[in-house]
Amino acid sequence: MTSLFRVLSVGLLGAFFAGAAAAQPTDLTPERFSFELTLRYDSDIPSPSEALGYEIGTQFTLHADALDYLRTLADASDRVAMDTYGTTYEDRTLPYLVVTSPQNQNQLDRLKQNSRRLSDPSRLSEADRDRLLQNQPVFVSYSYNIHGNEPASTEAALQTAYRLAAAQDDSTQALLQDAVVIMYPTVNPDGRDRYAYWARSMQRARAATEPDDIVHDEPWPQGRTNHYWFDLNRDWVWTIHPEMEGLTEVYQTFMPQVHADYHEQGYNDHYFTMPGTTPRNALLPDRYVAWADTFGRANIEAFDQQQVAYFTREAFDFFYPSYGSSYPSVMGGIGMLTEQAGIGAGRAVENKDGYTLTFRQRVHDHYTTSLATIEAAVDNRRALLEYDLTAHSQASNTVETAAYVFPDDEGDGYLYDVIEMLRHHGIEVRRTTEATRLDDALDYRTGDRADQRVDAGAYVVPTDQPRHLFVNTLLQRQVTFEDSVMYDMSTWSAPLAYNLEAYTTREALGAATESVDAAPTPESGVENPDARYAFVVAWDQRHAPRALAALWEADYRVRAAREPFDTGSRSFGAGSLIVLLGRNPDHDTPAADMQRIASEAGVEIVGLDTGRMADGPDLGSENNSPVKPPEVGMLVDQPFSTYTSGQIWYLFDQETEWPITRIRASNLEESAVGEGRYARYGKTSLDDFDVLVLPGGYGIDSIFDSTQVEALRNWVRDGGTLVGTEESARFLTADASGLTEVEAMEDTTDSPIGPYTSYAAREDSVGLDNIPGAALAGRIDETHPLAYGLGEEVYTLTYGVSGLEPSPDLQTAGHYATDAADLLVSGYASQSNLEQLAGRSFAGTVEMGAGAVVFLVDNTQYRMFWRGPSRMMQNAVMLVPGLLE
């Protein structure tokens with residue numbers, strides 16, 4: 001035993017026995033955090049504790065049990081109505097409650113209609129306006145437990161709903177006459193149950209208050225995220241997932257004036273309540289911050305009485321519009337955040353103050369602010385309704401843009417995704433019925449203004465509409481911000497994220513337009529289904545990868561074109577898929593198969609009667625290479641990012657419909673066993689896979705020793721395709737693992753922190769030198785298989801300063817604009833960082849023997865809304881193995 005180990009052992013054992021001797025059972029229900037015991041409650045309505053069989057805050061309630069209680073509450077009380085807004089990927093029900101007076105329940109449809117009328121003030125007469133301000137109750141909504149391992153808020157929702165449903169005091173009844181409360185008690189039930197089942201399984205008979213106990217160390221991927229490991233609190237706008245698509249659809253029917261989003265943070269923190277810090281959305285009405293402070297002060301008034309520690313202005317900005325605290329604000333309401341200390345706390349934990357934080361307190365604190373928010377809303381009912389009217393009026397529209405214009409991409413790109421998203425959120429979209437000229441239009445590609453001509457069929461989003469806050473926040477090219485230190489990203493411009501051709505005008509369009517009353521869909525079907533020679537799928541179609549997956553599933557032999565070709569009537573770009581009927585003689589019904597695949601995948605398939613092309617290689621040319629169905633593996637678990645792993649998983653599982661095998665990284669940590677150049681590591685053998693994806697993460701080099709790096713190299717040489725993204729791309733360079741000769745760029749930026757920079761100024765100084773998610777101009781080599789289907793330019797989302805040195809060893813598929821002046825499109829990046837990144841590669845390949853290494857420095861499918869570059873990941877997995885040989 002080494003001396004160090006002996007010292008550690010003695011110390012740990014001493015602490016253990018000392019702690020055991022002094023240990024006392026923790027009081028999980030301290031009287032200080034009781035739930036208003038002096039109130040009189042309706043005895044016919046069961047409390048959560050009575051229904052669940054344990055005191056609320058002493059156990060983590062499973063979603064099914066919470067759902068049962070909500071149903072019981074709705075059945076027992078005429079103040080409560082329950083409904084649902086969908087199911088999760090794991091088939092859990094998504095419920096919501098409406099709690100208000102019985103009189104309001106009886107006229108709820110009319111009250112909801114009135115709330116929506118407030119958000120369209122131009123249609124209100126003066127008399128209607130006055131009548132609504134006089135009589136309409138204020139709508140207050142809450143989203144609880146959007147992060148599954150922040151469980152206190154669901155318990156608080158149950159207790160709050162019971163309090164509002166059963167309390168018999170005059171105050172509660174008066175509140176419910178003047179307020180309609182909408183509660184989403186468990187926004188992320190899949191993540192909640194993932195956490196709750198694990199935490200329950202780790203519990204001791206006595207609550208483990210020691211921070212080192214396993215119950216405070218939740219394993220990867222943790223319960224924060226949904227089934228696909230996405231952070232749902234970044235998805236309010238994009239509605240990629242059913243949880244947020246359903247919730248925001250219901251939200252649109254109520255259009256509440258006030259919304260609070262409930263969270264937890266590290267257990268060593270204190271309770272956060274509004275107003276928060278900078279940067280802020282500069283488009284919001286001036287009164288927003290004052291209102292946020294009003295509600296924050298209502299919360300802290302209760303906390304001052306209860307001696308609960310809190311903070312209000314030192315952290316948490318609401319800049320990014322797709323939070324639960326910011327989406328309501330760009331929808332014209334007062335959106336707010338609360339953060340209770342508690343992540344990882346279990347049922348109780350001793351924090352760094354030596355204070356024991358109980359689950360009961362966490363529940364109680366959220367319960368307290370839930371009630372305080374309703375009371376503050378009722379106290380300010382009329383003024384909040386007036387704010388709603390003002391926020392939706394053109395008087396609060398401060399931008400010069402009159403319209404956003406998008407030429408139709410006919411479903412080949414992601415424009416229809418954006419149109420569908422906008423319509424989902426109640427945005428008016430129109431379409432030109434004639435060609436028109438846009439005077440002095442801003443071109444999103446160049447950033448310059450010039451006259452532009454667009455064809456009939458262009459989509460137009462006018463800003464002269466009630467939800468202009470949402471429109472301008474989501475669609476403007478560049479945002480205004482006063483602080484480069486931010487909690488999330490510095491740009492989210494939808495035209496950039498989806499790589500769209502886009503323009504803005506300062507004047508309303510003179511062309512005739514028509515309303516878009518249904519989401520557009522790409523054309524699909526088969527042209528010439530009885531073709532005698534081949535079928536072709538253009539690779540630049542939005543869902544072409546899904547069509548390739550379907551062809552593979554149907555056991556078709558598929559080739560991909562290395563060069564563009566032309567039939568004389570149709571042109572096809574590089575990467576287009578070719579199904580030669582002569583090479584697929586075992587298929588008896590190809591016409592029916594193609595019809596089915598075209599319909600299910602949402603693509604156009606063209607049948608051809610000859611292989612002779614008018615221009616470019618003939619269909620049987622050796623320039624068209626077979627692409628075979630790959631076995632795809634992806635390493636997950638520590639140290640890889642849950643988010644990036646989930647995004648890649650979703651891209652293939654849901655979007656592409658091609659399976660990938662998720663492999664625990666720990667299975668590569670053990671010593672090699674067996675024979676061969678890249679034998680089995682733990683439970684996983686590399687020779688089971690054609691493609692291996694390494695997501696981003698931190699400390700990637702910690703799981704690969706030199707033997708394993710050599711095994712990867714041998715596997716690639718024997719025909720494997722190794723894909724590294726974000727930090728994993730850097731790991732594959734000469735500077736890190738030495739797997740390739742590719743060099744990562746060196747960050748030569750001078751540190752913004754000088755020898756005499758004050759301690760207080762250091763965070764701001766570092767922020768000035770950071771790239772917190774900015775859109776950079778990417779130049780694409782369309783002839784490279786990694787870039788097939790992308791076009792000449794893409795907006796790539798960049799965090800930090802990381803790129804690859806262009807060299808003959810690296811076949812660059814995408815590089816940052818070579819002129820630093822052209823590089824930043826949107827968001828924040830310092831001039832020195834732009835100068836460093838200019839001209840560097842962010843995507844490329846290295847051929848190694850019979851295989852290839854793929855570098856994707858930036859996340860190509862960030863949160864599945866930054867979709868423009870995502871074809872690169874699909875190409876890396878589906879085309880590169882067959883085309884780079």
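**A look around Trp238 and the chain that holds it**

Setting aside neighbours within four places in sequence, tryptophan 238 touches Tyr320, Ser322, Met421, Leu474, Trp492, Ala494, Tyr498 and Phe865, where contact means heavy atoms within 4.5 Å. The model here is a predicted one, with local features needing pLDDT of at least 70 and side-chain atom pairs counted only at pLDDT 80 or more, while totals for chains, interfaces and linings use all residues. Residues are numbered from 1 along each chain as its sequence is written, and side-chain values use heavy atoms, with hydrogens and water left out.

Trp238 also turns up in the largest nonpolar core, a set of 247 residues, where Trp238, Phe470, Phe865 and Trp866 have the most contacts inside it. Such a core is made of buried Ala, Val, Leu, Ile, Met, Phe, Trp, Tyr and Cys residues joined through side-chain atoms within 4.5 Å, buried being under 20% relative accessible area with a 1.4 Å probe, protein chains only. Helix H7 (residues 152-166) gives this core its largest share, 9 residues; helices are DSSP runs of H or I with at least four residues, strands are E runs of at least two, and both are numbered from the N terminus. A second, separate core has 12 residues, among them Phe565, Leu580, Met613 and Leu619.

Zooming out, the chain has 27 helices and 37 strands. Buried residues account for 61% of its 885 residues. Of the contacts with a separation of 6 or more, 79% link residues 24 or more positions apart. The C-alpha trace spans about 85 × 85 × 65 Å along its principal axes.

Terms used: Buried means under 20% relative accessible area, exposed over 50%, partly exposed in between (1.4 Å probe, protein chains only).
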